[in-house]
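Here is a short report on a few packing details. Look over the sequence and the model first.

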Amino acid sequence: MNDHLTIADARTEILQRIDTASKTAGVTTPTLIAVSKVQPDNRIQAGLDAGLTVFGENRVQDAQTRWGETFASYRNTLELHLIGPLQTNKAKDAVALFDVIHTLDREKLAKALLNAADAVGRMPRVFIQVNLGEEDQKAGVAPDNLPAFLDRLRSEYKLEPEGLMCIPPINEPAAPHFWRLEKMAKISGLKGLSMGMSADFETAIPFGATHVRVGSALFGARDYT
Ligand SMILES: *Cc1c(COP(=O)(O)O)cnc(C)c1O
């Protein structure tokens with residue numbers, strides 16, 4: 001199959017579905033983040049040629065190779081989002097590369113990001129990841145700890161996040177989780193909501209998703225082998 005045709009078609013279809021879901025719910029149309037992690041370069045090229053400009057990656061090093069080397073000539077016209085967990089020792093690289101970081105979930109990382117921002121001379125926008133399902137294997141702030149964490153960010157670090165991000169537990173209906181994240185953002189005075197993936201972005205939109213993160217529905221299944 002021709003990647004260029006299929007990815008351009010998938011993009012058109014997904015943008016239409018986002019538009020329809022937003023209009024139906026009477027909400028603002030969210031930003032589509034094209035999740036390019038693990039995908040081969042030919043599919044990324046097809047996405048770029050089709051007009052995708054906002055990309056999501058889950059690993060700093062892979063993203064550096066892709067957007068700092070292979071596709072570096074596009075860098076200034078793109079917005080890059082880190083959607084995977086971040087180690088403090090990669091904070092400086094992440095701050096230098098990404099425009100938005102979706103996975104702030106601990107004070108040590110906030111400190112590392114601000115130190116990196118001082119050194120690099122730019123500060124990405126940040127979302128706080130909330131571990132709604134309180135799953136051990138997932139990163140994110142526990143829901144009960146969010147108010148205190150946010151207070152610390154604001155008072156101690158003068159850091160104002162753009163919003164909240166979640167990945168609902170895989171085998172549960174997503175809607176109640178999206179509903180809950182929307183409530184948490186409202187109570188916290190945060191506007192951004194990073195939620196919804198290939199399988200459930202249309203579910204997330206009526207709950208006010210401002211950013212949907214779509215990978216496989218755009219680029220095809222990821223081959224991890
Ligand atoms: C991989 C990933 C996505 C995209 O998943 P798809 O189901 O392929 O759309 C979205 N968000 C995060 C955090 C991811 O790791």
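Is Ala-185 buried or exposed? Ala-185 has 1% relative accessibility, so it counts as buried (under 20% relative accessible area; exposed is over 50%, partly exposed in between; 1.4 Å probe, protein chains only).

This is a predicted model, where local features need pLDDT of at least 70, side-chain atom pairs count only at pLDDT 80 or more, and totals for chains, interfaces and linings use all residues. Residues are numbered from 1 along each chain as its sequence is written, and side-chain values use heavy atoms, without hydrogens or water.

Ala-185 sits in helix H7. Helices (H or I, at least four residues) and strands (E, at least two) are DSSP runs, numbered from the N terminus. Beyond its neighbours within four places in sequence, Ala-185 is in contact with Leu-164, Leu-190 and Leu-193 (contact means heavy atoms within 4.5 Å).

Now to helix H2. The buried residues of H2 are Ile-44, Ala-46, Gly-47, Leu-48 and Ala-50. They pack against the elements below.

| Element | Residues |
|---|---|
| helix H1 | 3–25 |
| strand E2 | 54–57 |
| helix H3 | 60–70 |
| helix H9 | 216–219 |

The axes of H2 and H3 come within 13 Å and cross at roughly 55°. Axes are lines fitted to C-alpha atoms, for helices over the stretch in contact, and angles run from 0 to 180 degrees between N-to-C directions. Asp-41, Ile-44 and Leu-48 of H2 meet Arg-66, Trp-67 and Thr-70 of H3.

Just after H2, Gly-51 has a positive phi of about 105°.
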